[in-house]
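Subject: Structure handover and notes

Dear colleague,

My notes follow below it.

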Amino acid sequence: MLTVNHFILLSAILFCLGAVGVLIRRNPLVMFMSIELMLNAANLAFVAFSRYLNNLDGQIFVFLILTVAAAEVAVGLAIIVAMFRARENVDVDEVNELKG
Amino acid sequence: MLDRYGIVAIFALLAVIFPAIPLLLSLVIRPKKPNQSKKATYECGLEFEDFPEEAQNVWVQFRVQYYLFALIFVVFDIEVVYLYPWAVAYNTLGPFALVEMIVFLGILILALAYAWRNGLLEWT
Amino acid sequence: MLISPELILAIFGMLVLVVDLIGRARTREWLPWVTVLGFVLAFAATLYIWGSNASIFAGMYSVDMFSLFFKLLATIAGTMIVLVSIDYLRGRTTRQGEFFSIFTFSILAMTMMASSASLLMIYLSIEFLSYTSYLLTGFLREDKKSNEAALKYFLYGAITSAVMLYGLSLLYGVSGSLNLTDIATAFANTVDPSVRTVALVAPALVLAGLGFKISLVPFHQWAPDAYEGAPTPVTAFLSVGPKAVGFAILLRVALTTLPIYQASWIPLLAVISIITMTLGNLVALRQTNIKRLLAYSSIAQAGYMLIGLVGVNLTGNSPFSGLNGVLIYLFAYLFTNLGAFICVIAIENATGAVNIADYAGLVRRAPFVAALFIIFFLSLAGIPPTAGFIGKFFVFGAALREGFLTLAAIGVINSIISVFYYFAVIRAAFFLDAKDPSPIRITPLVTAMLTVTAAMVLLIAVYPQPLFNLAAWSMGMFGVVK
């Protein structure tokens, strides 16, 4: 029998996978995908809680997270594309005009 | 009971006919010029053999326009998330919901017009 | 009518885009003034609904005095930044309409953050402000520094907001509601010890998102890079706008949702405050770029502001409630920090220089700017007779009242450390010889904005009573902390 705890555990695992991905990968596109994983972990938690609490607010939240994530992709890709055009390289470790 | 299945059957029939029409139509009106790469499995119109040696691995660089189109696509793809529940609940929402949706789509169209005007949709 | 400031900002944001789309080159010259008109109207609309205390959109949106305070702040900051960016953007970009449109939307996002009373609105408005800020930071597309700044800002922002979102989902899960007040009720009525555990962990995750906006250590790493690479008017905006409304949400969540756990979050915030101001000030000491220096300075300033929240106590009629200290500090900081950045913009417009070494002999090249640097730096360091002193007086006073003697002492020591790096700039400007002694021409608009900010910094110091009243009105809606 699956309870809400299983879903929350799964979402916690997904969240940690995403967090680890962000921390150890250096390609912005891959970091980006890891961030999406973290967002979807939150989505899963929201839906699971919503079902458990019999309260639709959580599912509405997920709708909005989906669109916000799409906007995030749009903004993030736009920045990465602009960056690529300016320097033909997007590795985070080699992006170092700014330091101090 | 039977007439309910009848509705399902009609839907199933429509579901088959609807995609079949454009396929048949294009079969009739398209020019027929087969070549090797078109007949290849998973063909996508790019003549792979013509690529230079170093570009033949999987990490082909795509034109940046792919991304720009994808960006605009994503925005219009995701708006359906709002349109669908709105359409389902439309009867109970009243006319104000229609106005709200027009405003929402208007904002998106303004953004599309801006992108268009600034040449983002041109494949040059 | 309660959302008229937001409606005005939204309409003007799109209007600017439409005019940019269909207007001729001559019409487009007017775009910044259209934007300013929008901000002035939104400011007027905020004053028009002054005094309202309503909860709208099913309790998601709270139009109260607290939010109106931040709406005033947002529209003032917006107006001044547009006026100084006109000269800055000329010659740097051809897409001014887009800039002003996105900027208007970022001010709209600020006003929405100020009013957010539900987890959903908090998330949406924070993301709205983030995305517009990323775009503004990377606005100079051909400039490698600008788009590198945007990428770093974006990656930090996306990570912290994902962490925050997970925290929000946990808060929803244990309380069964998205509304800040309902969550407080749910927490007060529960006896389940696991709820208490989650109620401590989830806000810590949420703090990642807010700490990113406010630039609290350890969520501050983006700030120096983003500040240095962004177009300078945008840097000025980032240093005041997101910080102010980040505090708005932090205060609202802390004081309406989590008052019963106050004993738990106060030590956490006290520690964050100490490391934020100490790290900000110590790293600022070795900066050579003025924008980076001001970035670390603004990190340290966030630490001082947090002292006010640590010393919060809304019982009784003490003039040091902590909350009023934060509001007064934010208001003083708005003019001070904007003023300091306008000085930087004035010099950068004329010479393109942003290094402290380039400021040598500034007193002969641009005596007005050099003199105003002194006023703004005195205010940032909290030395009377300036607005910054009033702000520090109230936050340190609140900490002392609540018995946080060490915290207040560390705050004072940090203020003294900060004098050193501010003085380094003053020293270059007044006591070193210029390599190129030609005078620097300051454009009239920038001069006007410098005069306004400097006048406000001094005015707040000599006649602070209206600001005290403003702060007192704005915090009236928060109940007594249990």
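At what angle do the axes of helix α4 (residues 65-89) of chain C and helix α11 (residues 232-257) of chain C cross, and within what distance do they come? Please keep in mind that this is a predicted model. The two axes come within 9 Å and cross at roughly 175°, and since angles over 145 degrees count as roughly antiparallel, α4(C) and α11(C) are therefore roughly antiparallel to each other. The residues of this contact divide into 14 nonpolar, 3 polar and no charged. On the α4(C) side they include F70(C), L73(C), A77(C), I81(C) and Y88(C), while on the α11(C) side P233(C), F237(C), V240(C), G241(C) and V245(C) are among them.

Elsewhere in chain C, helix α13 (residues 290-310) has 21 residues and reaches 30 Å from its first C-alpha to its last, which is close to the 30 Å expected at 1.5 Å a residue. This helix, α13(C), is mostly covered, with 21 of its 21 residues buried.

Turning to chain B, its secondary structure comes to 6 helices and 0 strands, so that the elements read α-α-α-α-α-α from the N terminus on. Of the 124 residues in chain B, buried residues make up 0%.

Chains B and C also touch, in a contact that takes 5 residues from chain B and 4 residues from chain C. On the side of chain B that touches chain C, the residues divide into 4 nonpolar, no polar and 1 charged.

With best wishes

Terms used: Residues are numbered from 1 along each chain as its sequence is written. Chains are lettered from A and ligands numbered from 1 in the order in which they are written. This is a predicted model: local features need pLDDT of at least 70, side-chain atom pairs count only at pLDDT 80 or more; totals for chains, interfaces and linings use all residues. Two residues are in contact if their C-beta atoms, placed from the backbone, lie within 7 Å. Ala, Val, Leu, Ile, Met, Phe, Trp, Tyr, Cys and Pro count as nonpolar, Asp, Glu, Lys and Arg as charged, and the others, Gly among them, as polar. Helices (H or I, at least four residues) and strands (E, at least two) are DSSP runs, numbered from the N terminus. A residue is buried if 20 or more other C-beta atoms lie within 10 Å of its own, exposed if 12 or fewer, and partly exposed in between; C-beta atoms are placed from the backbone. Axes are lines fitted to C-alpha atoms, for helices over the stretch in contact, and angles run from 0 to 180 degrees between N-to-C directions. Angles under 35 degrees count as roughly parallel, over 145 as roughly antiparallel, 65 to 115 as roughly perpendicular and the rest as oblique. The expected span of a helix is 1.5 Å times one less than its number of residues.
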